[in-house]
Amino acid sequence: MLECLLFAPLCAGLLMLLLGNTTVCRGLLLLTAVLHTALSLKLAADVSGGLHPQALAGLLAPDALGTLFLVLASVLFLVASVYGVGYLRDEARITERASILDGRAFTNAPERRFTACLCFFLSAMTLVTTTRHLGALWVGIEITTLSSAPLIYFHRHKQSLEATWKYLIICSVGIALALLGNILLSVAFYEPGVPPVESMDQVEAFRHLARQRADALAVLDAPQSAATYLPWLKAAFIFLLVGYGTKMGLAPLHNWLPDAHSQAPSLVSALLSGALLNCAFLGILRGHQIMLGAGLGGFSGTLLVFFGLVSMFVAAIFIVGQGHYKRMLAYSSVEHMGILALAVGLGGAAAFGGMLHAVCHSLTKCMLFLLAGNILARYHTYSSYDVHGLRWTMPVTGALWMGGFLAIVGSPPFGLFVSEFLILKGILQQGQWLVAALYLLALAIIFVGMSVAVLRMFQGTRPTDMPECPRESALSVLPPMTLGLGVLLLGFWMPDGVEKLLRAGAALIGG
């Protein structure tokens with residue numbers, strides 16, 4: 001099953017490149033998405049039931065944490081694929097294209113290349129989420145960068161090319177720093193004359209070594225040994241945090257994110273924000289697991305809390321007055337990645353809230369980016385000042401846009417309200433009153449900043465120069481509607497299987 005999860009999207013992508021027929025490519029895309037989602041849900045049931053599946057000599061051995069992010073990526077890929085069939089069909093009908101920003105003519109990349117890269121992207125995310133080998137995880141995240149860059153450059157004009165290069169350069173630098181973090185981990189646990197530990201489960205192997213070192217230091221009281229061991233481990237985590245934090249979009253390492261999300265097709269933006277950022281976050285979580293095993297959870301947790309709060313306030317600054325609605329959603333992703341880092345850094349009850357928040361954010365942000373694609377196709381502008389009267393021109397999209405806004409800012413009864421409340425409860429239980437005040441202040445600023453833009457778009461009269469709206473296609477509104485219902489459901493009720501997976505994942509990171 002694990003082999004099929006990894007190789008089915010890869011083989012489907014290769015077939016798309018070989019065959020090239022658009023109908024076949026779209027059919028293969030949907031078939032791959034359905035198969036992958038079914039297998040990932042089966043894997044989640046096995047893992048939450050206490051099983052420990054493995055494949056490829058232990059290279060693929062997902063735990064609860066990885067399985068949670070795998071299911072998220074797979075479900076979002078399925079929803080984006082259904083939406084993508086309608087999107088690609090509409091794109092194929094357009095004969096003349098011009099950039100919205102400068103009016104220059106451009107062409108799209110071949111559709112077979114686009115659908116193939118989507119499948120390669122899914123395969124890479126599968127590797128990241130199912131392995132506990134830090135080297136393989138690094139390779140998987142690097143492949144996500146290479147496979148998603150052509151997706152950002154689907155519309156081949158100047159702005160998308162600039163966004164693609166910024167994405168490649170900044171993320172490649174970050175991934176290189178993460179590689180140094182992996183090397184420093186090996187240096188930290190290296191002992192002259194002792195054969196290095198060979199294990200496909202490097203996370204557990206390093207945790208075991210860390211516990212042994214911590215026990216030895218406690219018994220022997222040897223500060224000179226600590227001086228040669230702990231500094232390397234701390235340096236390794238810093239490099240992992242900076243490296244993977246760049247890909248995750250933590251401020252001030254987030255510079256690529258607004259450009260890439262704003263210029264990519266909306267279904268690609270949905271996958272980047274809803275699935276890819278989680279994969280990069282998983283790399284940081286693996287490092288945090290090792291730090292917890294070494295008794296250095298306070299060090300790594302403090303760094304995560306700091307970068308989490310910085311990300312929230314940087315996002316708040318850029319969201320207020322933001323006139324580009326896709327960039328506004330991108331900065332919202334920076335905010336929510338900060339909330340995740342904050343929750344994990346605090347640990348305890350906040351960690352469970354963080355895991356629930358990861359699920360709800362992914363569903364909601366994917367929903368909003370798909371809706372942004374509908375708005376862009378109808379209004380042909382990125383400016384929230386030029387979009388008004390959504391409730392009249394696009395009644396279904398407009399209603400979902402308002403619902404998605406209420407969900408993403410944590411309004412009841414949506415799941416994000418529950419997760420943000422659980423995180424706040426965890427902060428207060430630890431007596432972190434300053435952190436709680438800053439957390440609430442950032443949330444309040446972002447609520448006000450987003451509400452101004454969203455309400456301006458939703459209300460007002462239909463533009464006089466806009467023709468009557470054709471009936472909104474089912475493929476454009478049903479996928480985001482499904483995601484919205486999922487977030488709403490999580491605000492009222494959590495299935496037992498989901499709760500088990502969330503609690504097991506939180507337990508691995510100090511929850």
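Helices here are DSSP runs of at least four residues, numbered from the N terminus. The model is predicted.

**Helix H12**

Select residues 325-346, which form helix H12. This helix has 22 residues and spans 32 Å from its first C-alpha to its last, close to the 32 Å expected at 1.5 Å a residue. Of its 22 residues, 21 are buried, so H12 is largely enclosed by the rest of the structure.

Within H12, pick Ser 333. Its relative accessible area is 0%, so Ser 333 is buried, the cut-off being under 20%. Show what surrounds it: beyond residues up to four places away in sequence, Ser 333 touches Leu 257, Ser 273, Leu 277, His 361 and Lys 365. Ser 273 lies 60 residues from Ser 333 along the chain, yet their C-alpha atoms are separated by 6.6 Å. Step just past the helix to Gly 347, where phi is positive, at about 70 degrees.

**The nonpolar cores**

Next, select Phe 189, Leu 233 and Trp 401, which touch the most other members of the largest nonpolar core, a set of 159 residues. Helix H13 (residues 349-379) supplies the largest share of this core, 18 residues. A second, separate core has 16 residues, among them Met 312, Ala 350, Tyr 439 and Leu 443.

Centre the view on Leu 233. Leaving out residues up to four places away in sequence, Leu 233 touches Leu 185, Ala 188, Phe 189, Ile 290, Met 291, Ala 294 and Leu 296.

**Gln 289**

Move to helix H10 (residues 266-293) and select Gln 289. Is Gln 289 buried or exposed? With a relative accessible area of 3%, Gln 289 is buried. Aside from neighbours within four places in sequence, its contacts are Leu 65, Val 203, Arg 207, Leu 508 and Ile 509.

Go to the loop between helix H8 (223-248) and helix H9 (256-263), where Pro 252 lies. The peptide bond from Ala 251 to Pro 252 is cis, with omega near 5 degrees. Another cis bond joins Pro 412 and Pro 413, with omega about 10 degrees. Pro 413 sits in the loop between helix H15 (395-408) and helix H16 (415-429).

Two non-glycine stops have positive phi. Ala 57, in the loop between helix H2 (22-48) and helix H3 (64-93), has phi near 60 degrees. Ala 57 is exposed, at 74% relative accessible area. His 380, in the loop between H13 and helix H14 (390-393), has phi of about 55 degrees. His 380 also counts as exposed, at 56% relative accessibility.

Definitions and conventions:
Residues are numbered from 1 along each chain as its sequence is written. This is a predicted model: local features need pLDDT of at least 70, side-chain atom pairs count only at pLDDT 80 or more; totals for chains, interfaces and linings use all residues. Side-chain values use heavy atoms; hydrogens and water are left out. Buried means under 20% relative accessible area, exposed over 50%, partly exposed in between (1.4 Å probe, protein chains only). Contact means heavy atoms within 4.5 Å. The expected span of a helix is 1.5 Å times one less than its number of residues. A nonpolar core is a set of buried Ala, Val, Leu, Ile, Met, Phe, Trp, Tyr and Cys residues joined through side-chain atoms within 4.5 Å.
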